[in-house]
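This report covers cavities and ring contacts in the structure shown below.

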Amino acid sequence: MTVETPSPTAAPPVDFRTSPDRYRHWRLAVDGDVARLTMAVDPKQGIRPGYELKLNSYDLGVDVELADAVQRLRFEHPGVRCLVIDGALDKVFCAGANIQMLRQSEHGWKVNFCKYTNETRVYLEDLAEASGVRTLAALNGATAGGGYELALACERILLIDDSQSAVSLPEVPLLAVLPGTGGLTRVVDKRKVRRDLADVFCTLAEGVRGKKALQWRLVDHLAPSSRFAEERDRLARELADSVPDRSDRVGVPLGDLAFEDGAGRRTYRYVTLSWDEDARTAELEVRLPDEAGPKLPEEAHAAGRDWWFLDLFRAVDDALLHLRINLPCVNLVTVRVVGDPRVALEHDRFLTEYRGDWFVHEVVHFAKRVLKRMDLSAKSFFALADAGTAFAGTFLEFGLAADRLYVLDDPDEEVFLGVGLLNGGDYPMSHGLTRLEARFYGEPERVARLLESPGLVPASAADELGLATEALDLIDWEDQIRVYVEERASMSPDALTGMEANLRFPGPETMESRIFGRLTAWQNWIFQRPNAVGAEGALQCYGTPRRPAFDYRRT
Amino acid sequence: MTKIDYSSKIPNNVDLASDKRLQRALERWQPAYLEWWHEMGPSDFDSNEVYLRTAVSVEPDGWAHFGYVRMPEYRWGIFLEPKEADRRIPFGDFAGQPAWDEVPGEYRADLRRIIVTQADTEPASVEQQRLLGHTAPSLYDLRNLFQVNVEEGRHLWAMVYLLHRYFGKDGREEAEELLERRSGNPDRPRILTTFNEPIETWLDFFMFTMFTDRDGKFQLLALAESGFDPLARTTRFMLTEEAHHLFVGQTGVGRVVQRTAEVMREHPDSDPREHGAIPLPLLQKYIHFWVSSCNDLYGSEVSSNAANYFAAGLKGRAYEEKKYEDHRALDESMVIEKFEDGRLVSEEVPLRNALNELLRREYIQDNQKGIDYWNRILDKYDVDFEFRLPNPRFNRKIGLYAGSHFDPDGNPVSRDEFERRRGEWLPTAEERDYVKSLMQPVLERGKIAGWIAPPKKGINGQPFDFEYVRL
C-alpha cells in the first residue's frame, strides 16, 4: 500500500558541515551577551529537489544549519547568556516541516529527518541546561507544527498577540500523522498543559492564539505587534541577566571539520569510517594520539579546534550522521578504539580536574551528545577490543554503547580496557542512566565496584567483570567475529532497530527518552500506515485536490 | 440592559422570537455592537435622520423599505433566503447528498474560519469609512455612504447570526472578537490587509465600493453555493444588498470621470487640476492601487485550502450550479503562470487547487465591465484616454507574484526599477494630498462638489436635490 518515491539516486550525499557565512536559512547575530538566531528559510534552497520551503517551512538542510548554529554558539560565542530564536517573515514564524518534502521522501528519510530534528531540539534544551544559555522563542507570527515544536524546545515562549497568530500542532487533524519533533510529549510533559486541553489543542488545526494560549500554558508571554520587539528584547535582557557574567570568555573558532572521501572510506584525522555496502557492514576506527595532550586548560584553549579530543568527537559525530543518512544499506558497524588505554585515562584525569573551565566543560558535554547519538542510531554496533585497542575511560563508552563488546583474551596479546571517573556520570544516556548503570541494570553493586577502583582492566578480568560480551582467544577471534558479523548483518534491519531500541535503554525514562522512544516509534508506525501514506492517505492527499479516505478500524 | 423586542427591533425570518439560545447570545452581543457602532461607525452623524432602505422581509417588496431613520436606530435584521426544498450539496466530494442544515463536525473549524474571515470584512469597511461623512461631495453621496455602512453592519449581523446559531461557545467568542479588531490598528488588525488600508478620500471610497465590494460579491457567490445550507441562504440574501454598493462605486468613479472630461472639454489646454478636477492618469493610478490590493484578497493562486473547501462542499465556484456540469472538478486542471528564475513558466495545476485563481479571473472580467463603462463616458466626451486594469501580477503582496516586481502590463521589472517608477504607476504622496485637498464638504440640498458630476437619478425615484440626510 505504501507509496514510496525513492529520493533521487543522483542526489549527492548530505554534507553536515556548514558555517554561519554559508547559511541559507538562518541569520545568526551576536550582540554582546545576547544572540539572535533568525529563521529566514530560502524557499528555493531545499536540500533535495521537488519542493519549495515556503513560509519558513523546513527540511533537513534547514535543521543542519540550526544544529550548527547551536553548536557554534557554545564554542565560538561563550560569552552569550541568552539565545533568542525568531523569524524573518511577516505574519509567519514557521510553518513546520515541509509537507511536500515529507510526502515525496521515502520512509527512511522521514525517520532520519525526524530523528535528527529531535536531536537538534534536545541539543537546544541542553544549551540551556548544560551551558547555561537561556533560550527564548519569539514567535512573531503563525507558528505551526514543527515551528511550535522548535519553540517548545526553548525555555520561554513569547507569542505575538495580534488576534491572528496562533500556535498549533495541526498534524493529526490535517495530515493524519503526529507532530514528529517531540511536540506531544513536551506539551504535557515539559509545559504541563492539562492533558484534556492538550487533546483539544492537538486536534485543532487552526491552533490557539492570544490569551487562551497563555491560559493553557502553551506560551509564557504575549505582546501586541507594536510592543513585540520591545518585549522580546526586554525578556532577552532579563534572561541574560539571570546568568552570571561570562564576558571574559574567549571563543574557540570551530572552522570546518576536515575529512577525505575515498572509495568506501571517509578518513578524518583521528577517525576512519570504511564500509562495504554489499556486506552491509562498516568499520568505525577511532584513533587516540600517542600523548594525552593538554595538561592545563590554557593548552586546550590554545589548541582550540585542533585539541584532539574535540576533533575526534566531531569526526565521530559526522561519521554517525554519514552512516545514518548517506549509508542506509549498512546494517552493522564494528567499532574499534585504537591506541594506548593509558592515554585515554590520563586525558580523562585532565578533563575531570579542569571541568570547571568552560571550554573543557563544553567539550565533555559535546562528547556526551555524540555518544547519545550513537545510542540512538539505527545500526547494530559491535565493539571489538582486540590487540592495540583502548576502550578506556571516555572511550570505554564506545564499548558500552555498542550492542556487544567482544574482547580478545589471549596470553600472547596484551589487551586492556579501562574504567575512569567520567564513566560514573558525565556521559548519561537519554534515559538518564550511565552506560554502566544500563549495562548492569540488575546489579548496581557491580557499577559501584568498578568505579571504586578506576584504572586499567586486563582482558581476562573484563570478562569476569561483565564488561565483555564474550572473551575470545586468538585462535577463535577472527573466525568467530566473522561469523557474528555475517549473522548479524543478515537479519532484518527493521527488527534489529526495534530490538536494539528496546534493549539499549533498560529502566527509567526521561522526557528525552520518551520523545525518542515513544514518539518516534508511534510516528514511524503511522508513517507506514495507509491512513497517512497510502494512495488515499492524508499525507499524500494534502495539497492535492483529493480528500483523504481513512480506514476507520482501530488496531 | 433593556430587553430586546425581537420581532420589531430585529426584523428576521429565523424565528428569533422563539429561539432562546440565540436570544441569549444576541442579548450580550447587541449592546456591544451598538457600542462599537457608536465608537467606530460614521463619526458624528448618530443623531441625523437619513433616508435609508431597510430590509424588513425577504419578499420582493420587503427587502428595500425606504424611510428616514437615525443610524443607531437602524433595524439590523437577520434574513436568509427561503429554504429550497430538498436542496443538495452542489459540488465537491459529497455532491448530490442532502445539504447540511447543521454544521458537520468534521468541517466545523473550516466553516468557522470561512465565516469569520468574511464577517471580519464587514465591520472593517465601516471603520475604514468612518470619517468620510465630514467631506461628502453631496447629500446624495452622504446618504449612499451611510446606506453602505448600515448594510455592512447588517452583513455583520448576518454572519454573527451564523456564528451564534451554529458554532456554540467558540462562535460567540469569535463574534465578540469581530467587534474587538480594528481596521488599521497594528495590534488588533482586521484579518485581510486590504481592509486595513485607510480610506481617506471619497475617491478611495468609490474605488473601494467598486473593486473591494466586488471581491465581496464574488466571495459571497462562492459561499452562496455552500453545502452548509444556512451559509448559502444567508449569503444569497446579502448579494441583493451588495449590488447597490457596487452601483455606488461604479457610478461614483464614473461621475468623477465625467467631471474631469467636462473640465477637459471646457479647458482643453490646461491641467484639470487648475479647475479642481482629478486628472485621468491619476485616476488610473488609483485603479492600479485598489485593483492590485483587491487581487490579493483571493489568496494564493495555488491553494490547498481552496481545494479542501471545495472538496468538502464548503465553498464552491461562483454560479456553480448554473455554470458548470462537472461539480466534482477532480480531473480538470488550469494553467497558471508561475514566475521562476526571472521567467514566467506555464504550469498545469489541478483545478481544485486553482479555485482562488478561477474566482479572481471571473472577478477581473467583472471589473473590466466597469472599466468599459468609464471608457464609454470618455468616448462620449471625445477624450483620447483609455482606462485599463493592471495585470494581475502587478503590485502583489500575496500569492505567486508576491516578492517579485512587475509593471502594470505584467512585465517583470527589477526591484530598483519598480521603486524608481512607483510614482508612474501608483499615486504619490503629493497626488494623494491633492485629492485630499478637494475633499471639502458640500452639504446643501441640490449642490455638489466641483470634482464630481451629479448623478443621473436620485435614490428610490427621488430627485437629486432631495433632502437625503436631515442635518
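Helices (H or I, at least four residues) and strands (E, at least two) are DSSP runs, numbered from the N terminus. H1 and H13 of chain A each supply at least two residues of the lining of the second largest cavity. The model is predicted: local features need pLDDT of at least 70 and side-chain atom pairs count only at pLDDT 80 or more, while totals for chains, interfaces and linings use all residues. Residues are numbered from 1 along each chain as its sequence is written, chains are lettered from A and ligands numbered from 1 in the order in which they are written, and side-chain values use heavy atoms, with hydrogens and water left out.

**Cavities**

A cavity is a set of points, on a 1 Å grid over the protein atoms alone, where a 1.4 Å probe fits but cannot get out; lining residues have an atom within 4 Å of a point. Grid points are joined across faces, edges and corners, and a volume is the space filled by probe spheres set on the points. Six cavities of 30 Å³ or more are present.

Two or more lining residues come from each of H1 (60–76), H3 (107–129), H11 (308–326) and H13 (358–375) of chain A; H1(A) gives the most, with six residues. Domain 1 (20–241) and domain 2 (264–491) of chain A both contribute to this lining, so the largest cavity lies between them; the domain bounds come from an automatic or database domain assignment.

The second largest cavity holds about 50 Å³ of space, and its lining includes Leu73(A), Arg74(A), Trp358(A) and Glu362(A).

In the table, Ala, Val, Leu, Ile, Met, Phe, Trp, Tyr, Cys and Pro count as nonpolar, Asp, Glu, Lys and Arg as charged, and the others, Gly among them, as polar.

| Cavity | Lining residues by class |
|---|---|
| Largest cavity | nine nonpolar, three polar, ten charged residues |
| Second largest cavity | five nonpolar, two polar, four charged residues |

**Ring contacts**

A charge sits over a ring if NZ of Lys or CZ of Arg is within 6 Å of the ring centre and within 35 degrees of the ring normal. The charged end of Arg266(A) is placed over the ring of Phe259(A), 3.9 Å from its centre. Likewise, the charged end of Arg404(A) sits over the ring of Tyr484(A), 6.0 Å from its centre.

Methods:
1 Å grid on protein atoms, 1.4 Å probe; cavity = no way out; pocket = protein on both sides within 12 Å on 5 of 7 lines; lining within 4 Å.
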